Structure formats: C-alpha cells, structure tokens
Amino acid sequence: MATDTQEFIRSMEFKHEDEDDEELVEPVSPTGQYFNSSVLSVCVLCILESDIPIDDSPTMTLLRDVFLPINTRFSSIMVTDENGEKQWKKVDVNLKNHVNIPNFPNGLSPKSYDKYFNDYISKVALQSLPQNQPLWEIHIIKYPTSNSAGNVIFKLHHALGDGFSLMGALLSCLQRLDNPSLPLTFPSLQVLPAKPETISRSAKMRVGCKSFIGSVFNTVVDFGWSLLKSSVVEDVKSSIRSGDDGVEFKAITVSTMTFSLDRIKEIKAKLGVTINDVITGIIFYGIRLYMLEVNDKSSNAQSTALVLLNTRIIGGYKSVKEMVKPNAESPWGNQFGFLHVSVPELTKNSVSNPIEFVEKAQIIIKRKRSSLAVSLTGRLLETLRKLRGPEVTAKYIHSTLKNSSMTISNVIGPVEQMALADHPVKGLYFMVVGVPQSLTITMVSYTGQLRVAVGTEKGFIDPQKFKSCIENSFEKIYNETISKTN
C-alpha cells in the first residue's frame with residue numbers, strides 16, 4: 001500500500017489551468033516579511049489525530065480541489081520585485097513535493113510508536129521549508145500511537161497568516177462528523193452588556209476620568225516596559241530559559257495534556273473570573289511549581305511570558321471567503337500583537353493557596369486590557385520598518401522573543417467533532433516552531449476539551465516533569481476552589 005501511494009504521489013502534479021499564469025498576487029504583509037527573514041523563520045505545526053487508521057488515497061484530490069483554492073498564498077512563493085519589495089508570486093504547485101509519508105518499523109505497539117512519532121515531530125520542527133515552492137507541507141503518519149490511530153501534520157509558514165487565519169483555512173478542509181451539511185460552531189466570544197446602573201452624571205464623569213487616567217498610566221508603563229524588554233532588559237537564565245544563542249535551531253520536544261472545559265468553567269463561576277484568568281493562573285502556577293522542583297533557589301527567577309493577542313474585532317470565525325475580501329471585518333493574514341506579562345512569584349501563601357495565582361492573573365489581565373501598549377507596539381514596528389526596513393524590524397522582534405522566557409498563544413476550536421475525508425478527528429493541537437525560546441505553550445479548545453501543547457528545548461527542560469507540574473497545578477487549583485466555595 002505504501003509503495004503504491006508513493007508512486008501515486010510521484011505521478012501527481014497540479015498546475016494552474018494557464019501554464020503561463022505566473023503573476024504577482026499581492027505584496028507580502030510586513031509581519032509576513034518579519035517571520036520569513038534572515039533572522040526569523042517561524043512556522044506553525046497543526047496536528048490532527050485520527051480516530052481510525054488513515055487511508056491516504058484522497059490526499060491529492062483534497063489538496064488540489066479544497067486546500068489550494070482556499071487562498072492564493074498556498075500556491076505562491078515569496079519573491080523580491082524590481083523595487084526591492086517582497087511579493088507573493090503564483091507558481092505551479094507540484095504536490096508530490098509537499099506530501100510526506102514516513103516509514104516506521106512495522107508491528108510495534110502504540111506506546112512504542114509514541115517515540116517514533118515524537119522524534120518525527122522534532123525533526124519536522126527543525127527542518128526549513130524550501131523557499132522555491134509554496135511555504136507549506138503535510139506529513140501523514142499511518143502508525144497508531146497511544147492517542148490515536150494515525151496523525152496528519154500540517155506545517156504552514158507563519159508568513160502565510162496567523163493562527164486565526166490558518167485555523168480558518170484548516171476548517172475549510174473539515175466537516176462536521178454528525179452532519180456534514182451543517183456548519184461547525186464555536187464557543188461564543190460575545191460579552192454580555194453590563195446592567196444599567198443608577199448613578200449620577202457627575203459620578204459617571206468621575207469614573208470615566210479615573211478610567212482614562214488609569215488607561216494612560218497603564219499604556220505608558222506597559223509600552224515602556226515592552227521597549228526595555230525588546231532591547232536591553234533580558235530575563236535571567238533559569239530552568240525554563242537556557243538563554244543560549246541559536247536556541248531556535250535546537251531540537252524540541254512536543255508534549256500535550258487535556259483539561260475539561262466544564263471543570264475550568266466551574267472554577268470560573270465559583271471565583272467570579274474569566275476563563276482566560278483561570279487558564280493563565282493554571283499555566284503560571286504550574287511553571288513556578290516546575291521551577292521549584294528543578295531548582296528551588298531560582299524558582300522565582302524573573303520570567304516573562306509573551307502573550308499573543310488576536311487584534312481583530314470579531315465575535316467568532318468568518319469564512320475564508322469573507323476573510324480574504326478587501327476591508328474584511330476579520331481579515332486574513334497576521335493580525336496579532338503581543339504583551340509582556342511577568343509570571344507572578346511563588347510565595348509561601350500561594351503554595352498553600354494556589355487560587356492566588358488565578359486572582360493575580362485576573363488583576364494582570366484586567367490591567368492589560370486598559371492599556372493601548374499593543375497598538376503602540378504595532379505602530380512602533382511599522383515606523384521602524386519604514387525607516388530601517390523589514391530586516392531590522394525582524395531583528396527587533398527576534399530580540400523581543402529571545403529576551404523573554406516563553407510565548408503563550410491560543411485559538412478557539414469547534415464545539416462539534418470534525419472529520420477529514422471521512423476520518424473522525426479525535427483531537428487536535430498546534431505548536432509554533434522556529435522561535436528563539438526554550439519554552440512555547442499553545443492551547444486550542446475542541447469538543448469540550450482544552451488541549452495544551454508544550455514545546456520544550458530538548459535536553460534542557462524535562463517535558464514529562466513539566467507536564468506533570470501543569471497537571472498538578474490544575475488539580476490543586478480545582479480542588480482548592482471546590483473546597484473553599486462549598
């Protein structure tokens with residue numbers, strides 16, 4: 001079967017109807033240029049876990065008829081025009097160059113295949129995408145692991161778009177398992193309007209003035225701190241940050257864990273906070289537990305998380321057709337900003353009262369929401385690009401990443417179970433690779449579960465111990481919440 005498949009792949013080549021239709025499609029966005037530069041090459045791995053053994057025979061048809069038409073960037077390469085500006089150029093797509101089906105030893109147990117699969121992901125994460133063809137590829141792993149009967153890995157360059165865009169593209173290839181004719185639905189992002197309050201006009205003006213002053217103060221502090229962190233202030237070396245040059249070229253280990261969204265919502269309701277507050281508190285507390293376990297003397301070392309934020313003003317996913325329209329409400333591309341968030345220190349009180357980390361996360365997130373630092377940082381990058389060029393701006397972003405200890409990002413997945421070419425998707429997760437950090441944490445919701453993926457520098461961070469500390473953090477916070485509110 002594998003031999004036949006490889007022969008089919010070698011014989012399959014997709015070309016556009018007009019063989020001479022190699023044209024400049026659109027300029028590469030500034031962020032796209034930063035992420036595909038001499039100092040940065042950032043990609044996103046999205047892993048789909050199949051509930052049944054994978055039949056790869058529909059692969060080429062699906063890519064040709066569904067995936068490529070989603071966006072012209074999937075059939076374009078990045079080139080420099082006569083004016084020195086980078087453009088997307090449409091080219092012929094040779095699908096055989098984008099599909100990989102590895103061969104592992106036959107007859108092993110799912111647990112044995114776990115190591116082969118994990119090593120393969122590390123290998124894929126390190127390899128660079130060829131610049132002379134569209135910046136994506138897929139890997140079909142037809143061997144069962146402890147989590148699934150097979151896996152499909154989509155590797156997409158971050159220059160193509162951010163997590164929101166790439167998730168939208170991926171969802172265009174998937175259908176609802178229970179009823180393919182119905183659209184996938186997502187958890188609501190809408191915030192209920194506040195209840196009207198019977199306060200005087202003068203009181204409202206005082207509140208508004210205080211809020212404005214607070215916003216200005218927070219903006220100045222956050223933006224100033226961001227400038228310092230991106231230039232001269234570097235996190236100290238710790239058990240989660242090696243601080244080595246070229247860490248983005250070192251092998252990583254990707255491990256995952258799953259949490260019940262119902263239990264997270266239970267914590268949210270009982271503490272009167274948001275889901276983001278709960279998740280952030282769990283992650284930060286787990287990080288400090290790991291640092292304490294590895295080296296108690298540096299467990300409170302200065303550690304900064306770069307939290308990526310979607311800057312689109314949206315209430316949920318739009319179709320890809322809507323995203324690529326001019327002046328779209330939720331446009332395709334890289335539409336995100338980042339915030340520097342200091343990981344709270346572990347105190348004697350928080351060791352016995354882990355809820356304190358959720359409460360601290362709430363205070364931090366609430367304060368950050370009243371800041372315009374993300375917007376100002378975006379303007380700074382644009383000004384730097386215009387004055388010094390995209391390569392200098394890319395170096396600034398590289399420094400921003402390198403000076404911090406980790407990156408945290410999340411996307412929202414569908415409520416219903418999905419299927420890819422009639423293969424039920426048991427689970428999915430993603431990982432950002434190619435960043436100059438020893439630790440990357442990503443999250444995606446799917447069918448009532450929150451899947452947390454952790455990318456750790458191989459040989460430096462113990463992935464199993466780190467995973468255990470995050471899971472321990474969740475259980476401690478959940479149990480403490482239930483016991484205190486009952």
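I began at S37, which touches E391 and A394, leaving out residues up to four places away in sequence; contact here means heavy atoms within 4.5 Å. S37 sits in the loop between α2 (30-35) and β2 (43-50). Buried or exposed? S37 counts as buried because its relative accessibility is 15%; buried means under 20% relative accessible area, exposed over 50% and partly exposed in between, with a 1.4 Å probe and protein chains only.

A note to myself on the ground rules. This is a predicted model, in which local features need pLDDT of at least 70 and side-chain atom pairs count only at pLDDT 80 or more, while totals for chains, interfaces and linings use all residues. Residues are numbered from 1 along each chain as its sequence is written, and side-chain values use heavy atoms, with hydrogens and water left out.

Next, the whole chain. I found 14 helices and 16 strands; these are DSSP runs numbered from the N terminus, helices being H or I of at least four residues and strands E of at least two. Of the 486 residues, 51% are buried. Among contacts with a separation of 6 or more, 79% join residues 24 or more positions apart.

Then the cores. A nonpolar core is a set of buried Ala, Val, Leu, Ile, Met, Phe, Trp, Tyr and Cys residues joined through side-chain atoms within 4.5 Å. The largest one has 76 residues, and F67, F74 and W136 have the most contacts inside it. Strand β14 (residues 423-433) contributes the most to this core, namely seven residues. A second, separate core holds 44 residues, including I279, A305, F357 and V454.

On to helix α7 (residues 261-271), where I listed L261, I264 and I267 as buried. Viewed down the axis of α7, the buried residues fall within an arc of 120° (taken from the directions from the helix axis to the C-beta atoms), so they line one face. D262 and A269 are exposed on the other side of α7. Just after α7, G272 has a positive phi of about 70°.

Last, a helix pair. The axes of α12 (residues 373-388) and α13 (residues 390-402) come within 7 Å and cross at roughly 140°; axes are lines fitted to C-alpha atoms over the stretch in contact, with angles from 0 to 180 degrees between N-to-C directions. That makes α12 oblique to α13, given that under 35 degrees is roughly parallel, over 145 roughly antiparallel, 65 to 115 roughly perpendicular and the rest oblique. Among the contacting residues I noted L380 and L384 of α12 and Y396 and I397 of α13.
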